[in-house]
Amino acid sequence: MEQLKLEALKQIEETKDLQSLESIRIAFLSKKGSITELMKQLKDMNPDERKTFGESVNVLKQTIEEALTLKKTQLENDALLETFKNEKVDIHLDEISLPKGYRHPLIQVIRDVEDFFIGKGFSIAEGPELETDHFNFEMMNLAKGHPARAMQDSFYVDPERLLRTHTSPVQARSMLEANGSDLAIICPGKVYRRDDDDPTHSHQFMQIEGLYVSDDLNFSHLKGILLDMAKHIFGPDRKIRLRPSYFPFTEPSVEVDVSFMKADGTPIWIEVLGAGMVHPNVLTMANYDASVKRGFAFGIGVERIAILKYFIDDIRQFYINDKRFLDQFKGVI
Ligand code: PHE
């Protein structure tokens, strides 16, 4: 019986298809199979023998049946997987190849500066490009007839409305909205000045305005954040230089230069932004108590940063949309 069992299990184990498995079943379990033959011996035994022998044959029969069932399931699963493999449907659609867009170099600079200031807790503000004289000038401490208005030759639409000459009016708009509470914003956007276009001048350009209003702010906070920003944009070994300047809306005011190495190795300073402590008149007009609140503000020239960062020789390149120029910035950010 033991030999029969080993023989049956071995055959089952080695079977590779359902047909031969069925032959094995017939050979052992059918009416003429070896197990049935064993059963036939029962009738010649005495009752005791019959009991133990019968039980053993039953166990053997069960063992073989189980092995057969197990193997059958396994072979059926294999066959199913094979069918799946052969009947696999190709749902793949041929690629529709469209040229991928990428960011304009000025947008790349803006995103980079935004990243820096968002990390410092600033939020992003917006304002209209068609601005009122009131916000563009008066709220920025440039009353009508103020001589410093001449610094920013403007495109007027009518006597009260113009294309904004700087992003500074967004300072006033944001402060009024904040209604006396602390404020930290930057505002990137287009600005316009009447200018003759040449390699370094464009009648349209971009600025990023920054404004921080709070208690206990002083000039070193401004200096610190601007130095950090220069390092973020240009690399850790950059330095900044502050030169006294004049803006009606800040006091004191500075122009900020960033250190730069010319191709021949000569170090130079290049101006990239104007900044200062917010003038008390500007705070007062925007409903802040100027005896308590302080602010600092700055206006970054986006093209200047891009020109320095990417070594661009003509500011007009940013606006004429020559694909050969723009393609160079594919995948930079
Ligand atoms: N608005 C100034 C300009 O366009 C820049 C500036 C902004 C200066 C904020 C000081 C503070 O030249």
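**Exercise 1. Find which residues make the nonpolar surface patch of about 320 Å², and state whether Phe84 is buried or exposed.**

Step 1. Leu80, Leu81 and Phe84 make the patch. A patch consists of residues with over 30% relative accessible area and no salt bridge; like charges are joined within 9 Å, and nonpolar side chains (Val, Leu, Ile, Met, Phe, Trp, Tyr) within 5 Å. Accessible areas come from the Shrake-Rupley method with a 1.4 Å probe, and for residues only the protein chains shown count as cover.

Step 2. Phe84 belongs to helix α4, residues 47-86. Helices (H or I, at least four residues) and strands (E, at least two) are DSSP runs, numbered from the N terminus.

Step 3. Phe84 has a relative accessible area of 51%, so this residue is exposed. The classes are buried (under 20% relative accessible area), exposed (over 50%) and partly exposed in between, with a 1.4 Å probe and protein chains only.

The model is predicted: local features need pLDDT of at least 70, side-chain atom pairs count only at pLDDT 80 or more, and totals for chains, interfaces and linings use all residues. Residues are numbered from 1 along each chain as its sequence is written, and side-chain values use heavy atoms, with hydrogens and water left out.

**Exercise 2. Work out the strand order of the open sheet of seven strands, and say which strands are at its edges.**

Step 1. The order is β1-β5-β6-β10-β9-β8-β7, and the pairing is mixed. Two strands pair if DSSP finds at least two bridges between them.

Step 2. β1 (123-124) and β7 (240-247) are the edge strands, since each pairs on one side only.

Step 3. Follow β9. Strand β8 (residues 250-261) and strand β9 (residues 267-278) run antiparallel and are joined by ten bridges. Val258 is opposite Ile270 in β9. On to strand β10 (residues 293-301): five bridges join this strand to β9, again antiparallel, and Leu273 is opposite Ile300 in β10.

Step 4. Look at the turn. Five residues lie between β8 and β9 in their hairpin, and Gly265 in the turn has a positive phi of about 95°.

**Exercise 3. Take the salt bridge between Lys120 and Asp228, then the one between Arg243 and Asp257: where do the partners lie?**

Step 1. The structure holds 22 salt bridges. A salt bridge is a side-chain nitrogen of Lys or Arg within 4 Å of a carboxyl oxygen of Asp or Glu.

Step 2. The side chains of Lys120 and Asp228 meet at 3.1 Å, N to O. Lys120 lies in the loop between α5 (105-119) and β1, Asp228 in helix α8 (residues 219-234); this pair links distant parts of the chain, 108 residues apart. Lys120 is partly exposed at 42%, and Asp228 is partly exposed at 34%.

Step 3. In the pair of Arg243 and Asp257, the closest N and O atoms are 2.8 Å apart. Arg243 is in strand β7 and Asp257 in strand β8, so the pair ties together parts that are 14 residues apart in sequence. Arg243 is partly exposed, with a relative accessible area of 29%, whereas Asp257 is buried at 2%.
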